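Please read these notes alongside the model. They take up pockets, helices, salt bridges and backbone angles in turn.

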Amino acid sequence: MSTVGNLLANYLTKPLKKTTHIAPINQETLRATLQPGDVLLVDGNTRLSVPIKYLTQSTWSHAAMYVGEDALPARESWQMPLVLVEADLKYGVHAITLAHYAHLNTRICRPVGLLEEDRKRVVDFVVERIGHHYDLKNILDLGRYLFPFAPVPTRLRRRLLALGSGDPTRAICSTLIAQAFYSVSYPILPDIKREWMDDPECADCYAEIYHIRHHSLYTPRDFDISPFFDIIKPSIVNGFNYRSINLKTSHETSQRTAETSPDPQNSASKQKHSAS
C-alpha cells in the first residue's frame, strides 16, 4: 500500500503542463516584507492544487510559514537561506527557500497583535516538526484528489478536504500552521455563536463565544478571510506612487503598432509602380 501511496503522491505533486503564472512581486521585495510568523499563501500549479482550489473556491491551494533567516542553521554563503516551513504531501514537514515559490502568485497573511514571545513559540512549533514524514498507506485519502470535479455540495466541501483519518489528510490541509497558532491560543477563523447571559438584570445581554474548529478543517483560504490576519501587499506597504509607474494603455500600444506597421494598400501601389 505504501508503494501505491508514494506513486499517487508523486503524481499529485507534479506541476501541471501549460500553466502560466506571472508573479507580480519580485523575490527581493517579498523577502524584505516578510516577518517571522507570517503565513505565505501560494497559488499552486500542481495536480493537487486543482481539487483544493475547487473545494475551497479559492485561488490559494497551499500555505507555508515564514520563520525568518535565524530560525534554522546557517547554510553555505553561496546558498539561499531556508526561511519557509511547509507540510508537503511528498516530503513531509521541511524547510525551503523563498525562491521555491518566486515564480508563483503569493499573498502574505500576518497575525495582528501577536505578542513577540508567542510569535517565537509559533515559529518554534513548526521548526521542531521539520523532518516529520507522513504515512502514505491510506490511499483512500489520496485517491479522492484524482477526481477533483465531482459534484460536491458547498456545505460538504470543507469536510471532504478533512475526510479520512490518515496522514495524507494532515499533510494536505493547513493543519501544521493551524496547530501552531492554536498552541498560543491565537484564533484563525472560529465559529462565533451568541449565547444569552444568565443575568436577571439584563434580559437582552448576550456573550459571543468563540468555538475553535478542529485543525484538520482549516484550508489556506481561511487565513485570507480571517478577521485576525492582515493582508500585507509588498508593493504598497512601504508607500506607493502610481505616477512613478511607466504604464502603457492598450490604446497606446495598438496605436503605436498601427503607426509602425506598413499600410498594405501603399505597399501594393508601390509594387505596381515599380513593376511598370
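The numbered points below go through the structure feature by feature.

1. Basis. This is a predicted model, in which local features need pLDDT of at least 70 and side-chain atom pairs count only at pLDDT 80 or more, while totals for chains, interfaces and linings use all residues. Residues are numbered from 1 along each chain as its sequence is written, and side-chain values use heavy atoms, with hydrogens and water left out.

2. The largest pocket. It holds about 470 Å³ of space. Its lining has 25 residues, and those closest to its centre are Thr13, Thr46, Asp88, His100 and Tyr101. A pocket here is an open set of points on a 1 Å grid over the protein atoms alone, with protein on both sides within 12 Å along at least five of seven lines; a lining residue has an atom within 4 Å of a point. Grid points are joined across faces, edges and corners, and the volume is the space filled by probe spheres set on the points.

3. What lines the pocket. α3 (49-56), β3 (84-88) and α7 (167-172) each supply at least two lining residues. β3 gives the largest share, three residues. Helices (H or I, at least four residues) and strands (E, at least two) are DSSP runs, numbered from the N terminus. By class, the lining of the largest pocket has 11 nonpolar, 10 polar and four charged residues. Nonpolar covers Ala, Val, Leu, Ile, Met, Phe, Trp, Tyr, Cys and Pro; charged covers Asp, Glu, Lys and Arg; the others, Gly among them, are polar.

4. Cavities. A search of the whole structure finds four of 30 Å³ or more. A cavity is a set of points where a 1.4 Å probe fits but cannot get out. The second largest cavity has about 70 Å³ of space. It is lined by 12 residues, with Ile25, Leu30, Ala102, Leu104 and Thr106 the closest to its centre. That lining divides into eight nonpolar, four polar and no charged residues.

5. How many residues of α3 are buried? Six of the eight are, so α3 is largely enclosed by the rest of the structure. They are Ser49, Pro51, Ile52, Tyr54, Leu55 and Thr56. Buried means under 20% relative accessible area, exposed over 50%, and partly exposed in between (1.4 Å probe, protein chains only). α8 is also largely enclosed, because seven of its eight residues are buried. These are Thr175, Leu176, Ile177, Ala178, Ala180, Phe181 and Tyr182.

6. Helix α4. It runs over residues 116-127 and has 12 residues. From first C-alpha to last it reaches 17 Å, close to the 16 Å expected at 1.5 Å a residue. The expected span is 1.5 Å times one less than the number of residues. Buried in α4 are Asp118, Arg119, Val122, Val123, Phe125, Val126 and Val127. Their cover includes β2 (62-66), β3, β4 (92-96) and α8 (175-182). Cover is judged by contact, meaning heavy atoms within 4.5 Å.

7. Arg121 pairs with Asp118, the closest N and O atoms being 3.4 Å apart. The two are three residues apart in the helix, about one helical turn. Arg121 is partly exposed at 45% relative accessible area, whereas Asp118 is buried at 16%. Asp124 and Lys120 also meet in a salt bridge (2.9 Å, N to O). They lie four residues apart in α4, about one turn of the helix. Asp124 is partly exposed at 28%; Lys120 is exposed at 53%. An α-helix has 3.6 residues a turn, so residues three or four places apart point the same way.

8. Arg31 is partly exposed at 39%, and Glu69 is partly exposed at 37%.

9. Backbone angles to check. Ser185 has a positive phi of about 60 degrees although it is not a glycine. Ser185 sits in the loop between α8 and β6 (191-196) and is exposed, at 63% relative accessibility. Gln57, which follows α3, has a positive phi near 50 degrees. Most residues other than glycine have a negative phi.

Definitions and conventions
Salt bridge = Lys/Arg side-chain N within 4 Å of Asp/Glu carboxyl O.
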